[in-house]
Amino acid sequence: MKLNAIKSDKIWGYEQWIASTHPNGCQKEFEKLVGGDYPLLVKVIQADDKLSVQVHPDDETAELYEHCRGKTECWYVLSAEKDAQLVHGMNGIYSASEIRKAIETNSMSDLLRYVKVEAGDFVYIPAGTVHAIGGGLRLLEVQQSSDITYRLFDWGRGRECHIEKGIASIKSGGIRDVARFPGVFSCPYFTLEEITVESSYSDVLPAANGEARPSDFVLFFVIGGEGEVNGEKASKEDIFAFAPGEEVRAAGDLQMMKIRPSTEKRR
């Protein structure tokens, strides 16, 4: 099934929820296909201006504060203007009082770690990582199906911030360097695999072990190129959902990202 995006305009640009069963932006046809709550949420983010400095809680903290799953995510850079950058963690280990003071004195930017990125770079954002997307970036975002964001600092734009919950959610470990996408990436929540189609490609997905669960379904996102997927026209930023045991057939000149929930987590 080719999925239709749900677009949401923001003060910094817009985002498209391209694979979602989350109540805040549910694709009903996708929800019906998978039979319930898909554990991942996939977006395309267009950042014309910088986003807030923010952090997402892990599963335990999100359950405590919001009674929902946490939000580990990753970004694949689809396009980037010259010298575009993002915030990926902090440039040191700071106490809660130091972070609180930096927010209060509008000096939070001095605590952040800035990284320049370009198309094809990959950024892993485990829950608890302070981060912000800079302007001039278009990203593929794969995350747990959660809509919890704690803003720490919003560059003076006046939107609500969530300082105490945000500070309580910060973790310093688990950050990996920003680098070119390695071809395959896996964490406890999702697995990504880059696939290059030159003329043709086929694969039969693993069958479900018993009755199919939502987490057994697999997504294919078109990074670039033109062609067909199972006889349907496929072009840049299209996304297709496949059931367990289904055959995937692609033709043409396509660069795709295969996205599936990891077997380590089945929430």
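**Entry 1: Arg157.** I began with Arg157, which is partly exposed at a relative accessible area of 26%. My cut-offs: buried is under 20% relative accessible area, exposed is over 50%, and partly exposed is in between, with a 1.4 Å probe and protein chains only. Arg157 sits in the loop between strand E11 (150–153) and helix H4 (163–169). I take helices (H or I, at least four residues) and strands (E, at least two) as DSSP runs, numbered from the N terminus.

What does Arg157 touch, if I skip residues up to four places away in sequence? I found Ile11, Trp12, Asp49, Lys50, Leu51 and Ser52. A contact here means heavy atoms within 4.5 Å. Ser52 is 105 residues from Arg157 along the chain, and their C-alpha atoms are separated by 9.0 Å.

**Entry 2: ground rules.** A note to myself before going on: this is a predicted model, so local features need pLDDT of at least 70 and side-chain atom pairs count only at pLDDT 80 or more, while totals for chains, interfaces and linings use all residues. Residues are numbered from 1 along each chain as its sequence is written, and side-chain values use heavy atoms, with hydrogens and water left out.

**Entry 3: the whole protein.** I counted four helices and 18 strands. The radius of gyration is 19 Å, close to the 18 Å from the globule rule for 267 residues, so the protein is as compact as a globular protein of that length. That radius is taken over C-alpha atoms, and the rule is 2.2 Å times the number of residues to the power 0.38. Along the principal axes, the C-alpha atoms fill a box of roughly 55 × 40 × 30 Å.

Of the 267 residues, 52% count as buried. I also looked at contacts with a separation of 6 or more: residues 24 or more positions apart account for 77% of them. The protein exposes about 12000 Å², and carbon and sulfur atoms supply 45% of that; the areas come from the Shrake-Rupley method with a 1.4 Å probe.

For charges, I have 31 positive and 41 negative side chains, with the centres of the two sets 2 Å apart. Lys and Arg count as positive, Asp and Glu as negative; His and the chain ends are not counted. Each charge is placed at NZ of Lys, CZ of Arg, CG of Asp or CD of Glu.

**Entry 4: the open sheet.** In what order do the seven strands of the open sheet run? I read E1-E2-E3-E10-E5-E8-E12, with antiparallel pairing. Two strands pair if DSSP finds at least two bridges between them. Strands E1 (6–10) and E12 (179–180) stand at the edges with a single partner strand each, so one side of each is left without a neighbour in the sheet. E12 is joined to E8 (residues 121–125) by two bridges, antiparallel, and Asp121 has Arg180 as its bridge partner in E12.

Entry 5: E15 (residues 218–229) is joined to E16 (residues 232–235) by four bridges, and Val229 is partnered by Glu232. These two strands make a hairpin with two residues between them, and Asn230 in the turn has a positive phi of about 50 degrees.

Entry 6: His67 is not a glycine, yet its phi is near 60 degrees. His67 lies in the loop between helix H2 (59–66) and strand E5 (73–80) and is exposed, at 63% relative accessible area. Asp83 has a positive phi of about 65 degrees, in the loop between E5 and E6 (85–90).

Entry 7: Lys171 touches Asp58, Ala127, Gly128 and Thr129, leaving out residues up to four places away in sequence.

Met90, in strand E6, is buried at 16%. Beyond four places in sequence, the contacts of Met90 include Ile99, Met108, Leu111 and Val130.
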